[in-house]
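Me: I have a model open and want to learn how to read it. Can you take me through some features?

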Amino acid sequence: MNHILHVVGARPNFGKAAPVLRGLRQRGIRQTLVHTGQHYDRNMSDVFFDELEIPEPDFNLEVGSASHASQKAEIMRRFEPIVLERKPDITLVYGDVNSTVAAALVCAKLLIPIGHVEAGLRSFDRTMPEEINRMVTDRLSDVLFTPSEDADANLLREGMPKERIHFVGNVMIDSLIRLLPAARRRSTNGFPARFALVTLHRPSNVDNGENLRQILESLTRVSKGLSIVFPVHPRTRQRVAAFGIDTQNLHLLDPMPYVEFLSLQARAEVVITDSGGIQEETTYLGVPCLTLRQNTERPITVTTGTNILVGDDRKLLVSELEKIVHGKKKEGIAPPFWDGHTSDRIADILQRM
Ligand code: UD1
């Protein structure tokens, strides 16, 4: 492959693309970077480019927020002329966000090969928009880079040819390993000595006022034993305000840059989340994670890692938190190939093609 085009758009893409861009640059391969602009707030986008040393995008489509259909349609409309002009040998797409599947659809129609980084993950829950994005993107992809062996099994079961599947490990962990020393050097001034770190943004948790209120009330109940530190996604911030929820016992913060958030994750007693990537990062760090979802597309974080699915069972959330406050924590180990060299494996495969 002589010319590789990358598409990123939303916060979780940046830590995945950064090491692959670096690995390919070191091998002297020509690259084009497209940012769709799905995430556009400084704290949701620019700070990640700075910290992860991602080069300035060649194109920013500046699509912004909209309904899923409109957002994807706008990405496709603005991305197509770039692909026609640049004619890459392959387009790499990352993860499961709207930008990922929109870019894959454009390339599939133009007969440009597609590589999917973080292929094969399945929650088997089609109410999650990301599950649709994952299934469609994998179906359209010619090269499937998987983070764990359960992903290989899913793809094989769906009839994907074995030769397309490459088990390379978790590329986001490459970024984590690179920036963990800097995160550990961060000062802890201003943060409580013992704290739980919370992130919430999934529509199923934050779009329904009663659900969001119940979750935050459960956290407030344990906040006497453990301070609750909560960097708030813009979507969640809007909902908390709209529903008039009382958050005075929680430490609400703006969305955080990567290194600062990593320093909090590494020091937290427990992380409570509905994010996908954070389930993986806590598993690597050995920090207990309580996931506010019924299922996960990352089952390895439960089977070998530190993750526990608490779903919408608020009593379970409180009892698991109380166990942790009293020092009873789930132990885990890092899965195979979550070792900081995933991007090298990806770059080697692409260089040989
Ligand atoms: C997206 C991804 C999700 C990922 C999450 C991480 C999809 C379907 N979802 O969800 O998988 O876990 O990113 O953050 O792609 N907003 C801002 N500023 C921004 C970005 C968003 O204010 O820079 C607000 C807007 O009101 C927007 C809302 O957040 O409507 C949701 O943004 P969107 O990109 O649609 O989805 P996320 O919830 O961020």
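The dialogue below covers the ligand site and then a few loop residues.

Reply: Some ground rules come first. This is a predicted model, where local features need pLDDT of at least 70, side-chain atom pairs count only at pLDDT 80 or more, and totals for chains, interfaces and linings use all residues. Residues are numbered from 1 along each chain as its sequence is written, and side-chain values use heavy atoms, with hydrogens and water left out.

Me: Where does the ligand sit?

Reply: A pocket is an open set of points on a 1 Å grid over the protein atoms alone, with protein on both sides within 12 Å along at least five of seven lines. A molecule sits in one if more than half of its atoms lie within 2 Å of its grid points. Here the ligand sits in the largest pocket.

Me: Which residues come nearest to the ligand?

Reply: A residue is near a molecule if one of its heavy atoms lies within 4 Å of it. There are 20 residues around this ligand, and Q38, H39, N98, E130 and H233 come nearest.

Me: Which helix gives the most to the shell around the ligand?

Reply: Helices are DSSP runs (H or I, at least four residues), as are strands (E, at least two), numbered from the N terminus. α10 gives the most, with three residues. α1 (11-26), α5 (129-140) and α10 (234-243) each supply at least two.

Me: Is T306 buried or exposed?

Reply: Buried means under 20% relative accessible area, exposed over 50%, partly exposed in between (1.4 Å probe, protein chains only). T306 counts as buried because its relative accessibility is 1%. It is in the loop between α13 (300-303) and β13 (307-309). Beyond its neighbours within four places in sequence, T306 is in contact (heavy atoms within 4.5 Å) with residues including T282, C289 and K330.

Me: Which phi value does F124 have?

Reply: F124 has a positive phi of about 60 degrees, although it is not a glycine. F124 lies in the loop between β5 (114-117) and α5. It counts as exposed because its relative accessibility is 58%.

Key:
1 Å grid on protein atoms, 1.4 Å probe; cavity = no way out; pocket = protein on both sides within 12 Å on 5 of 7 lines; lining within 4 Å.
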